[in-house]
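Hello,

Here is the structure I promised to pass on to you. Please have a look at it first, and then read my notes below.

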Amino acid sequence: MYLKSDKRIEQVRLRDILFIEGLDDYVKVHLPDRLIVTHLTLYKLEASLPTNEFIRINRSYIVPAALIRSLEGNTLTLTTGRQLPVGPRYREALLVVLDRRLIR
C-alpha cells in the first residue's frame with residue numbers, strides 16, 4: 001500500500017508493519033526501520049487492511065495477527081517485545097482470532 005507522509009508518497013509492505021497507532025486524524029505506522037505519520041483516520045486505514053491479517057485491539061491500535069506473542073489480562077505482547085493495551089470493546093474479537101490459531 002502507499003501512504004502520504006508530508007509531501008512524499010511512501011510504499012509500505014504490509015508484512016513490514018509492526019503496529020499501527022491512531023492519534024485523532026493522524027496515524028503512525030511503525031515499521032522496523034522508520035515511522036510514517038500520515039493524515040488519515042485509524043478507521044479509514046483499518047478498512048483498507050486485510051481483516052484476516054490485522055486486528056484492532058484498542059481504540060488506538062491495530063496489530064498484525066502474526067506478530068502477537070501473548071495476551072495476559074488486558075496486555076498484548078508482540079514478538080518485538082512491545083506491549084500494548086487491549087480495550088474491553090475489542091477483547092472478544094481478539095480472543096476469537098487467537099482461538100482460531102490455537103493448537104489443541
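**What I found**

Let's start with Leu35, which counts as partly exposed because its relative accessibility is 43%; buried means under 20% relative accessible area, exposed over 50%, and partly exposed in between (1.4 Å probe, protein chains only). Before going on, note that this is a predicted model, where local features need pLDDT of at least 70, side-chain atom pairs count only at pLDDT 80 or more, and totals for chains, interfaces and linings use all residues. Residues are numbered from 1 along each chain as its sequence is written, and side-chain values use heavy atoms, leaving out hydrogens and water.

Leu35 is found in strand S5 (residues 35-39); helices (H or I, at least four residues) and strands (E, at least two) are DSSP runs, numbered from the N terminus. Together with Leu23, Tyr26 and Val37, Leu35 forms a nonpolar patch on the surface, with about 330 Å² of accessible area in total. Patches are made of residues with over 30% relative accessible area and no salt bridge, where like charges are joined within 9 Å and nonpolar side chains (Val, Leu, Ile, Met, Phe, Trp, Tyr) within 5 Å. Accessible areas come from the Shrake-Rupley method with a 1.4 Å probe, and for residues only the protein chains shown count as cover.

Now to the charged residues. How many salt bridges are there? The count comes to five, a salt bridge being a side-chain nitrogen of Lys or Arg within 4 Å of a carboxyl oxygen of Asp or Glu. One of them joins the side chains of Glu46 and Arg56 (2.9 Å, N to O). Glu46 lies in helix H1 (residues 42-48) and Arg56 in strand S6, so this pair ties together parts that are ten residues apart in sequence. Glu46 is partly exposed at 27% relative accessibility, while Arg56 counts as buried at 13%.

Glu10 forms a salt bridge with Arg8 (2.9 Å, N to O) and another with Arg34 (3.1 Å, N to O). The pair of Glu10 in strand S2 (residues 8-11) and Arg34 in the loop between strand S4 (26-30) and S5 links distant parts of the chain, 24 residues apart. Glu10 is buried, with 12% relative accessibility, whereas Arg8 is exposed at 52%.

Happy exploring!
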